[in-house]
Amino acid sequence: MTAILNGSPALGEFDGVSLDMLIRQGFRPVPVSGVEALTPEVLGIELTPAEATAGLVPGSHIEVAVPLPEGPAIRHYSLVAGPAETLRIAVLREDRGRGGSAWLHEHLASCTSLLIRGPRDTFGYRGVGPVFFVAGGIGITPVTAMIAAAASAGDDWHLLYIGRRQESMAFAEVLLAEHGPERVSVHITEAAGRPDAAAAVREWAAGRGGETTVYVCGPVPLMRSLETGLADDPAIAVISEDFDDAADTSANVRERTGRGTVASASAPIAGAQGEDEAFVVELGDGSEVDVPAGCSIIEALGRAGVRTLSSCQKGTCGTCETVILDGQADHRDSVLSAEEHAAQETMMICVSRACGTRIALDL
Ligand code: FES
């Protein structure tokens, strides 16, 4: 059946239980006001929320609920630069992914709204120049918003935009037209091979005063090459955000794996992890679920018929964040900061466990 919420828009084919859970977890329907094929592989989607969108941190993303046959799937999409009253995303179709991007490409035409949560910022754009942006493929999406902020602030910035083919680079033409080749370098690997991105950064940063910040978003090898290639330069800080090739994916299902030199506080607490021990999760209705050693809370809940939301299943995206009602978590995620871990208010139930034998969760 096609779910109709409050007699209004078609959201896709969620069953009633899933829809209830999504709404309870903070998802809301937002009208789709525009759909455009940016390239044959990249779909541009414009949403028009009722609430104000001005003042969003550049690099923020939203979570989109997609009704796959096996249940709701949550996908993360960065916000692209655009008019203040809209939320714009760009979805790369990934036929070898987990099905979320393919569903959006095939079914969005029949939806007048999408169920979304957010926006949320995890990239940590600091807004101080000089700034060197590096974007690989669909990793350009959050970078467009950061560039808009840097340009309007009059910062000194440059973009290295890397893609396999010109036609797969949805924003190359518009960025070049708007900012010119002094600001925007487009590198096509099919024609020119892999670029030495670290060398490009060093060359640009040489002679500029103060610290250069590098924001990189794209495939893991690109991100790692910059982190390691620039690690010995105290005048260059690298902040990165990658995609997970195993996820749905090379689209902008984004997984936060730490943010270079700036966001190392989001690593799990050292020493908090030990051998897995069995424990009991108490649910909001007072029922209990046993979580054996070697089994995640999400897995145990699923076996017990309790539905939860998840995406990465690796503690890197934040989708499964759950409120702790009583007890302490053994945090094993890389989403929450060290302060948030210490506060013991929420936990990522795909990877984190209980300290001790019981924990009560708002489920
Ligand atoms: S599902 Fe991504 S952090 Fe748990």
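**Exercise 1.** State which ring the charged end of R208 sits over.

*Solution.* The charged end of R208 lies over the ring of W204, 3.8 Å from the ring centre. A charge sits over a ring if NZ of Lys or CZ of Arg is within 6 Å of the ring centre and within 35 degrees of the ring normal.

The model is predicted: local features need pLDDT of at least 70, side-chain atom pairs count only at pLDDT 80 or more, and totals for chains, interfaces and linings use all residues. Residues are numbered from 1 along each chain as its sequence is written, and side-chain values use heavy atoms, with hydrogens and water left out.

**Exercise 2.** Classify the ring pair formed by Y125 and Y215, and decide whether Y125 is buried or exposed.

*Solution.* Step 1: rings of Phe, Tyr and Trp (its six-membered ring) pair if their centres lie within 6.5 Å; planes under 30 degrees apart count as stacked, over 60 as edge-to-face and the rest as tilted.

Step 2: the centres of Y125 and Y215 are 5.0 Å apart and the planes stand at 50°, so the pair is tilted. Y125 belongs to the loop between β6 (113–120) and β7 (131–136), whereas Y215 belongs to strand β10 (residues 212–218), 90 residues apart.

Step 3: buried means under 20% relative accessible area, exposed over 50%, partly exposed in between (1.4 Å probe, protein chains only). Y125, at 11% relative accessibility, counts as buried; Y215, at 0%, also counts as buried.

Step 4: ring pairs link Y125, F133, W157 and Y215 into a cluster.

Terms used
Helix = DSSP H or I, 4+ residues; strand = E, 2+ residues; numbered from the N terminus.
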